[in-house]
Amino acid sequence: MLHFLWLVVAIPFTSAAVLALFGSRFSRRLVAFLGAGSIGLAAVVSILISISFLSSPPPNNAYTQHLWTWMSTGGFQPEIAFYLDPVSLLMLLVVTFVSFLIHLYSAEYMHDDEGYARFFAYMNLFVASMLTLILANNLLLLYLGWEGVGLCSFLLIGFWYQDPANVRAAGKAFIVTRFGDTAFAIGLFLLFTKLGTLDIQELMHRASDQWPISTGAAIASAALLLGGAVGKSAQLPLQTWLPDAMAGPTPTSALIHAATMVTAGVYLIARTHVLFTLAPEVQLAVAIIGAATMLLAAFSALAQRDMKRVLAYSTISQIGYMFLALGLGAWSAAMFHFMTHAFFKALLFLAAGVVIHAIHEQDLFKMGGLRKELRLAFFSFIIGGCALAGLPLITAGFFSKDLILWQSWAGPNGNILFWIVGMTGALLTSLYTFRMISLAFYGRQQAHVHAHSGAPVRIALITLCVLSIVGGYVDTPPDYGGVPALSNFLNSVLPPLAIVHPGPITETITALCASTVFAIGLGLAYLFFGPQRTRVPMTGFLQELWFAGWGFDWIYDRLLVRPFLWVARQIRRDPADLPIRGLGQAAMLGNRALRLTQTGRVRWYAAGLAMGTAAILAVAFFLR
């Protein structure tokens, strides 16, 4: 069955091409069948491959499928080849299955949109690019998938391109992530120059053999890859594009946040973790960036009015948890939180889409009292919100977040500061999550419900509700069952974290503290935003600062955008451009001269034909 690995990528690529070329001629039923069905088929193939992988593990617990040599020049021979090991297998399952549920939901949610086929063509290309990124056996092919998801995010964020605001949001996402992508590309050149290959496994072996810890080449390479990861995963200082990306359709937001683009940076660092262990300075920077991003984004989520922007800042904050774990060497914990986050964040975005579709409103302060008329969306928010905030013992988010919190203290690079920051982030997560739920579903109803969900939407939401509850039981700590199945499965690729700080903060103490901050956040949300409170936005300097995302857009506008535009205006009459402008002006003069011959008088045209014929005959006579 492993020989069919290429099908997982080929199926969504093929369906995207068919929908792009012929989708406008298909019925909506056929478009939905091709769009969602192809991703469902890819998910089925992934599950069958997983069963084969687990029942008969390949040698060294990894399988490589060579398809063809991409290019061969000067000793540089990158391949189109796929690499499957426990890490890529986990990503493969999560991406295909969650993407299928989002596609199923989209079949109903986007049904009345005029760009129905175009939407599914973009979505399928998005999934195919992400799968290429995951399965690539070399960094060049991974970079191809990396750029593919960047292009698709641009297309999907600006899907409703008639609105200039959406186009600006798409352009912003594309440009901001370019900074990270440029660093990543330079990193590829450096790695090939120093180590002579871009094959990921060979690269890791050569780096371990040739580079002592903290050498300049190791630090530079890891720092450049970190730049790429920061851009794609919307971490400090390149986090500003993600909140504005909410301009796209809600299923697009779910796909970007849960299964594709923002998780690419986490995967890149986990896949190349050997480089980061050789550069402990950069690895520490990963942890600091994650911790700082976690807090900044959580405070921003606390002040947002738009339901989707609350979820966007929540994603940035939760990815911060994953970066914190990666920076501390808790590789498996980061991948565990990636998996549970995919379940509950997809659930929350899709449930938000149901609310927005039903009342045509995204402002939380214009909602309220929706729990009776939108019961499925309400229970989806309760389950997804509890998983996000970490309701103890019965939600997936509790187990994965608790593991990161515990290892932020217990590991070699852990300390009390990271532990406290993690706990503070958990408190803020609980507070902004239940603030959102309280404003939307409790209090006086202010908006009329126009529509209710059909079967595809219900199936997607119910399935994600189940996964958001049971998904955490694949890796439970010793005091709660002691079944670290996922960590054990990943340990053949990602080394386990050595516990060097066993006390006084034990795993049980960490879990009790996490449960306490969950309850405190819930209580504060009830106190400040409960049904009995007047539903008006809070004002003040800090509220405005958090609402504006700590003013990063304002700073970048003054430091980068305006100076760039000023320079562009100053050099627009650069002498080097004279030949180009001269060609354009010559073409315009020629156009004006030819327009003079278009008089509409038949005698003038006949005379012109006669004179032209005479001239050609004369030339032919003299040249004979």
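UniProt positions are given in the numbering used here, feature names are shortened, and annotations may be inferred rather than shown by experiment. In this predicted model, local features need pLDDT of at least 70 and side-chain atom pairs count only at pLDDT 80 or more, whereas totals for chains, interfaces and linings use all residues. Residues are numbered from 1 along each chain as its sequence is written, and side-chain values use heavy atoms, with hydrogens and water left out.

An unreviewed UniProt entry lists residues 136–429 as "domain: NADH:quinone oxidoreductase/Mrp antiporter transmembrane". This span is 76% helix and 0% strand, with its end C-alpha atoms 35 Å apart; helices (H or I, at least four residues) and strands (E, at least two) are DSSP runs, numbered from the N terminus. The unreviewed entry also annotates residues 70–120 as "domain: NADH-Ubiquinone oxidoreductase (complex I) chain 5 N-terminal".

Helix α15 (residues 331–359) reaches 42 Å from its first C-alpha to its last, close to the 42 Å expected, the expected span being 1.5 Å times one less than the number of residues. A kink of about 25° is centred on His341, where the bend is the angle between axes fitted to the seven residues ending there and the seven starting there. Of the 29 residues of α15, 28 are buried, so the helix is largely enclosed by the rest of the structure; buried means under 20% relative accessible area, exposed over 50%, and partly exposed in between (1.4 Å probe, protein chains only). Just after α15, His360 takes a positive phi of about 55°.

The structure holds 11 salt bridges, each defined as a side-chain nitrogen of Lys or Arg within 4 Å of a carboxyl oxygen of Asp or Glu. One of them joins Asp244 to Lys172, with the closest N and O atoms 2.6 Å apart. Because Asp244 lies in helix α9 (residues 241–244) and Lys172 in helix α6, the pair ties together parts 72 residues apart in sequence. Lys172 is buried, with a relative accessible area of 18%, while Asp244 is partly exposed at 24%. Lys172 also meets Asp553 in a salt bridge (2.8 Å, N to O). This pair links helix α6 with helix α23, its residues being 381 apart. Asp553 is partly exposed, with a relative accessible area of 36%. A further salt bridge connects Asp557 and Arg562 at 2.9 Å between the closest N and O atoms.
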